[in-house]
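Subject: Structure for your review

Dear colleague,

My findings follow directly after it.

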Amino acid sequence: MSAVEDKIASLGLKLPHVVPPLATYQPAVRSGSYVFTSGQLPMVDGALPATGKVGAEVGAEQAKELAATCALNALAAVKSVIGDLDKIQRVVKVVGFVASAPDFTGQPAVLNGASELLGEILGDKGVHARSAVGVAVLPLDAPVEVEIQVEIAE
């Protein structure tokens, strides 16, 4: 097991299997020294633990936890391309989408779930640029979706 996976385990987490694509795309692709993931939903064992809009059916704190699950799923997608998460040099960018009730404006706090988990797992390599976007609806009525871009060692 890699040092990154050891760190994941020390947090009481497990790197999941890659979530199968819901349509015609790959979970992650490599271009040069970068890996780009597709948007990752907070799937756990093939199912969404919650659905609906954040600020309505889903609370902000639960959505933050779901964003962390998305980040873990994104790391699994990265591993499926590079084989060893220790090759990650840096998380460059995180983009998060939050299915939001019309009056919900806490998207950045929700996406902190993904950012904080990446920092816990990768330390300084997990520090990244980020966008947090509120949207009307996400696939499968998921509350949150996260994609990451990472630089890897050759």
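Asp45 is found in the loop between β2 and α2. In this predicted model, the phi angle of Asp45 is near 50 degrees, a positive value in a residue other than glycine. With a relative accessible area of 81%, Asp45 is exposed, because that value is over 50%. Leu140 also has a positive phi, near 60 degrees, and is likewise a residue other than glycine. Leu140 belongs to the loop between β4 and β5. A further positive phi, near 80 degrees, belongs to Gly83, which follows α2.

Salt bridges

How many salt bridges does the count give? The count comes to three.

One of them joins the side chains of Glu5 and Lys79, with an N to O distance of 3.0 Å. Glu5 sits in helix α1 (residues 3–10) and Lys79 in helix α2, so this pair ties together parts that are 74 residues apart in sequence. Are the two partners buried or partly exposed? Glu5 counts as buried, since its relative accessibility of 13% is under 20%. Lys79, by contrast, is partly exposed, at a relative accessible area of 27%.

In another salt bridge, the side chains of Lys53 and Asp141 meet at 3.3 Å, N to O. This pair links distant parts of the chain, 88 residues apart: Lys53 is in the loop between β2 and α2, and Asp141 is in the loop between β4 (129–135) and β5 (144–152). Asp141 is partly exposed, its relative accessible area being 30%. The loop that holds Lys53 is the one in which Asp45 lies, and the loop that holds Asp141 is the one in which Leu140 lies.

The remaining pair is Lys64 and Glu116, whose side chains form a salt bridge at 3.2 Å, N to O. Here too distant parts of the chain are linked, with Lys64 in helix α2 and Glu116 in helix α3 (residues 107–122), 52 residues apart. Both partners are partly exposed: Lys64 has a relative accessibility of 21%, and Glu116 has a relative accessible area of 39%.

Ile121 is part of helix α3. A relative accessible area of 7% makes Ile121 buried, because the value falls under 20%. Which residues does Ile121 touch, leaving aside those up to four places away in sequence? They are Val4, Lys7, Ile8, Leu11, Leu72 and Leu75. For Val4, the separation along the chain is 117 residues, yet the C-alpha atoms of Ile121 and Val4 are separated by 6.6 Å.

Arg90 is located in strand β3 (residues 88–99). Arg90 is partly exposed, with a relative accessible area of 38%. Not counting residues up to four places away in sequence, Arg90 touches Lys125, Val127, His128, Gln149, Val150 and Glu151. Between Arg90 and Leu48, 42 residues apart along the chain, the C-alpha separation is 28 Å.

Which residues make the nonpolar surface patch? Val29, Tyr34, Phe36 and Val92 do so, and the patch covers about 290 Å². Tyr34 is placed in strand β2 (residues 34–37). The relative accessibility of Tyr34 is 33%, so Tyr34 counts as partly exposed.

Annotation

The UniProt record, an unreviewed entry, carries the annotation "domain: Endoribonuclease L-PSP/chorismate mutase-like" for residues 6–146. Over residues 6–146 the chain is 31% helix and 21% strand, and the end C-alpha atoms of that stretch are 23 Å apart.

Yours sincerely

Terms used. Residues are numbered from 1 along each chain as its sequence is written. This is a predicted model: local features need pLDDT of at least 70, side-chain atom pairs count only at pLDDT 80 or more; totals for chains, interfaces and linings use all residues. Side-chain values use heavy atoms; hydrogens and water are left out. Patches are made of residues with over 30% relative accessible area and no salt bridge: like charges are joined within 9 Å, nonpolar side chains (Val, Leu, Ile, Met, Phe, Trp, Tyr) within 5 Å. Accessible areas come from the Shrake-Rupley method with a 1.4 Å probe; for residues, only the protein chains shown count as cover. A salt bridge is a side-chain nitrogen of Lys or Arg within 4 Å of a carboxyl oxygen of Asp or Glu. Helices (H or I, at least four residues) and strands (E, at least two) are DSSP runs, numbered from the N terminus. Buried means under 20% relative accessible area, exposed over 50%, partly exposed in between (1.4 Å probe, protein chains only). UniProt positions are given in the numbering used here, feature names are shortened, and annotations may be inferred rather than shown by experiment. Contact means heavy atoms within 4.5 Å.
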